[in-house]
Amino acid sequence: MAAPQPAAGPSAKRDRSSKPINVKADELKADNKGKTAIFTGRVVARQEDVTIYSDKLIIYYGEKDDQVEKIEAVGSVRILQTNRVGTGGHALYESKEGKITLTINPKVTQEKDSVTGKVIVYYLDEDRSVVTSGENSRVEAVIHPKQGSGSKKNDAKKQP
């Protein structure tokens, strides 16, 4: 997990709220009046480059019928996006903001690096995250140096 980087301007965030979502599950309970769809049992949901696995998934629709306001994943949550994997007991995916909030033993790994805490918020298109600690726990990160990032032996011998 690379150190958080500043956002690459307002264009870095993509609004996914009107993008199609493909969901597979054992059962679906739709509530058109309440603007929700509840999927249960071995749920797999895909929207563009984000895949969410969970025991239960609730989709909350916005004012417009074609927009997803947020997606709540509950139980055995695993979220994949390119080389990043987030896990936890609960996740809230706000597609308009391009933001995922992981709770209940959350962990995010990217390549060999990982981070844990009480709450992990990561921004899908901004290559940044915010990790907060709990009352009796601290944020923990494991960061591996990238190849070629160390100083070379000959650097110390060079003189101006």
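Strands here are DSSP runs of E, at least two residues long, and helices are runs of H or I, at least four residues long, both numbered from the N terminus. This is a predicted model: local features need pLDDT of at least 70, side-chain atom pairs count only at pLDDT 80 or more, and totals for chains, interfaces and linings use all residues. Residues are numbered from 1 along each chain as its sequence is written, and side-chain values use heavy atoms, with hydrogens and water left out.

**View 1**
The chain has twelve strands and zero helices. Of its 160 residues, 35% are buried (under 20% relative accessible area; exposed is over 50%, partly exposed in between; 1.4 Å probe, protein chains only). Contacts are heavy atoms within 4.5 Å. Among those with a separation of 6 or more, 38% join residues 24 or more positions apart. The chain exposes about 10,200 Å², with 49% supplied by carbon and sulfur atoms. That area comes from the Shrake-Rupley method with a 1.4 Å probe.

**View 2**
Pairing requires at least two DSSP bridges between two strands. Strand 6 (residues 84–94) and strand 8 run antiparallel, joined by four bridges. Here Val85 stands opposite Thr109. Strand 8 and strand 9 also run antiparallel, again with four bridges. Lys107 has Thr116 of strand 9 as its bridge partner. Val108 and Gln110 form the covered face of strand 8, while Lys107 and Thr109 form the uncovered one.

**View 3. Glu111 sits in the hairpin turn.**
Strands 8 and 9 form a hairpin with two residues between them. Glu111 lies in this loop, between strand 8 (107–110) and strand 9 (113–116). Its phi is near 55°, a positive value in a residue other than glycine. Most residues other than glycine have a negative phi. Glu111 counts as exposed because its relative accessibility is 59%.

**View 4. Lys35 also has a positive phi.**
Lys35 is in the loop between strand 2 (27–31) and strand 3 (36–47). Its phi is near 55°. Lys35 counts as partly exposed, because its relative accessibility is 27%.

**View 5. Val74 contacts residues beyond its sequence neighbours.**
Val74 belongs to strand 5 (residues 68–81). Its relative accessible area is 30%, so Val74 is partly exposed. Leaving aside neighbours within four places in sequence, Val74 is in contact with Ser54, Asp55, Lys56, Gly89 and His90. Ile58 is 16 residues from Val74 in sequence, with 8.4 Å between their C-alpha atoms.
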